[in-house]
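Here's a quick briefing to read alongside the model. Have the structure open and follow the residues as they come up.

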Amino acid sequence: MSSSPALSARGSRLALLVVGLCWLAVLFDGLDMFIYGSVLPHLLETKTFGLTADQAGDLGSYATFGMLVGALTAGTVADRIGRKQLMIGCVTLFSLASGICAVSGGVAVFGLGRTLAGVGLGGLLPTAISMVSDYARGGRVAITIGMLMTAHHAGGILSAYVAKWLVEPVGWRAAFWVCVLPLVFVPVLLKFLPESLSFLVAKGRGEEARALADRYEVELPAATGKKTAADRWDALLDLFRGGEWIQTLLYWLASFGGLLLVYGVATWLPTLMRGEGYELGSALTFVVVFNLGGIVGMLAAGRAADRFGAPRISAVWFALTAVGVYLLSIHMATGVTMVVVFLTGVFLNSAQTMIYATVSIRSTPDNRATAVGWTSGMGRFGAVFGPWLGGQLLAAGNGDWGFTAFALAGVSSMVFIGIAALRSAKQPRRSHDQEELLAAH
């Protein structure tokens, strides 16, 4: 097997196959994640299940809580059953959970469906990132993961069109039935998606891994010693030793505010825009524009960070996000609002990514995964809190404060990541693996 960085045609085809299948899986992930926010204005307007604004916020938090559980357990489960099987399980779970939502007759069953969907959604993305990292062409891991992340926002765009085309003429349940369709994709994954080479090597299935690598002429990853539980806890304690606890907490607080902002806006954008006087069709168009901005931002943020530094870009991006989100509370001409929504999408989604980039840069190789993983995990609590906060504000008749509250979250993240950057400015920049910059979103 050749060790040349220039992969053979067969190796390139394998990389394209894996990335393509994972991209489609993440597209369905994004569709299922954003569909609730896209149909929410209709649910509230028609008082489906007697739904109130505060209950709607709770339901939005159920999915993000499920994502927290899924993200935290994905690594352990993948170590046991393999990344391919976990991906298949996640797609199956969030698809069936959407079916539960589609047939639900009350808030409790609907909430159960959203929680289970969240577990599948939270487990899929980090697993898909690991898969494409294994098979990405040499030297193109970071850009490959960036391309994979665009699928999540493409799913958000698709959710807006599904809601726009189906909710009014057919009903909201039809939108969730569309989210069941990824079940048809499961046999495709079973047949065509190869298992992770890293998993096969780690499990001692060397002959199977070598046969797969030889078949497609890709490089076989080196075996690495598996960390024990004591090693993992020691890596976590390292984040608090020698005065590092201040830096660690600053990163965690910045991540909390960032994901509060990301998932709060993702859940409530259509509803808040309707509250500003826009029709449902226009409000859903804003979801499309917002996610288009997210795609552009994901592809552009890495280059900006390489030139100016990830901490600086993260702080500036959060400041611009806060300005954009606040401006959305002002009823402007539709064209101007579209531009603001697009730019907010560009900065909002990649601002959070740059927090992970900052943590990765400032971490040592032996505890980088722990540092980034726990920063992401603490941020997930913000993802749970954001949808709930929006619902509470609307229920209290303070919907106008929704955008302001989310803008303040952006300001807080700007402050925390800015202070962290200033404190670490005199520390030497450590080398890092670029593929980890996007892995925890």
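Let's start with a charged pair: the side chains of R205 and E208 meet in a salt bridge, at 3.0 Å from N to O. A salt bridge here is a side-chain nitrogen of Lys or Arg within 4 Å of a carboxyl oxygen of Asp or Glu. Keep in mind that this is a predicted model, where local features need pLDDT of at least 70, side-chain atom pairs count only at pLDDT 80 or more, and totals for chains, interfaces and linings use all residues. Residues are numbered from 1 along each chain as its sequence is written, and side-chain values use heavy atoms, with hydrogens and water left out.

**The overall picture**

- The protein has 16 helices and 0 strands; both are DSSP runs numbered from the N terminus (helices are H or I, at least four residues; strands are E, at least two).
- Of the 441 residues in the protein, 56% are buried. Buried means under 20% relative accessible area, exposed means over 50%, and partly exposed is in between (1.4 Å probe, protein chains only).
- The accessible surface of the protein comes to about 18,000 Å², and 64% of that belongs to carbon and sulfur atoms. Accessible areas come from the Shrake-Rupley method with a 1.4 Å probe, and for residues only the protein chains shown count as cover.
- Take the contacts between residues at least 6 apart in sequence: 83% of them join residues at least 24 apart. Contact means heavy atoms within 4.5 Å.

**Salt bridges**

- How many salt bridges does a search of the whole structure find? The count is 3.
- As for the pair we opened with, R205 is partly exposed at 34% relative accessible area, and E208 is partly exposed at 40%.
- R114 forms a salt bridge with D32, with the closest N and O atoms 3.1 Å apart. The pair links distant parts of the chain, with R114 in helix α4 (residues 107–135) and D32 in helix α1, 82 residues apart.
- Are R114 and D32 buried or exposed? R114 counts as buried because its relative accessibility is 1%, and D32 is buried with a relative accessible area of 1% too.
- R274 counts as partly exposed at 24% relative accessibility, whereas E45 counts as exposed at 52%.

**The nonpolar core**

- The largest nonpolar core has 129 residues, and those with the most contacts inside it are C22, I35, V39, M87, F176 and F406. Helix α1 (residues 9–45) supplies the largest share of this core, 18 residues.
- A nonpolar core is a set of buried Ala, Val, Leu, Ile, Met, Phe, Trp, Tyr and Cys residues joined through side-chain atoms within 4.5 Å.
- Set aside neighbours within four places in sequence, and V39 is in contact with A163, V167, A175 and F176.

**The loop between α1 and α2**

- K47 is found in the loop between α1 and α2 (53–81), and has a positive phi of about 55° although it is not a glycine. K47 counts as exposed because its relative accessibility is 60%.
- F49 is placed in the loop between α1 and α2 and has a positive phi of about 60°, again without being a glycine. F49 is partly exposed, with a relative accessible area of 28%.

**Around α13 and α14**

- S329 is found in the loop between α13 (310–327) and α14, and its side chain reaches the backbone oxygen of Y326 at 2.5 Å.
- Which residues does S329 touch, not counting those up to four places away in sequence? They are E276, D400 and F403.
- V339 is found in helix α14 (residues 334–362) and is partly exposed, with a relative accessible area of 48%.
- V339 and G324 are 15 residues apart in sequence, and their C-alpha atoms are 9.6 Å apart in space.

Key: Polar contact = N/O pair within 3.5 Å; in protein donor to acceptor, adjacent residues only side chain to side chain.
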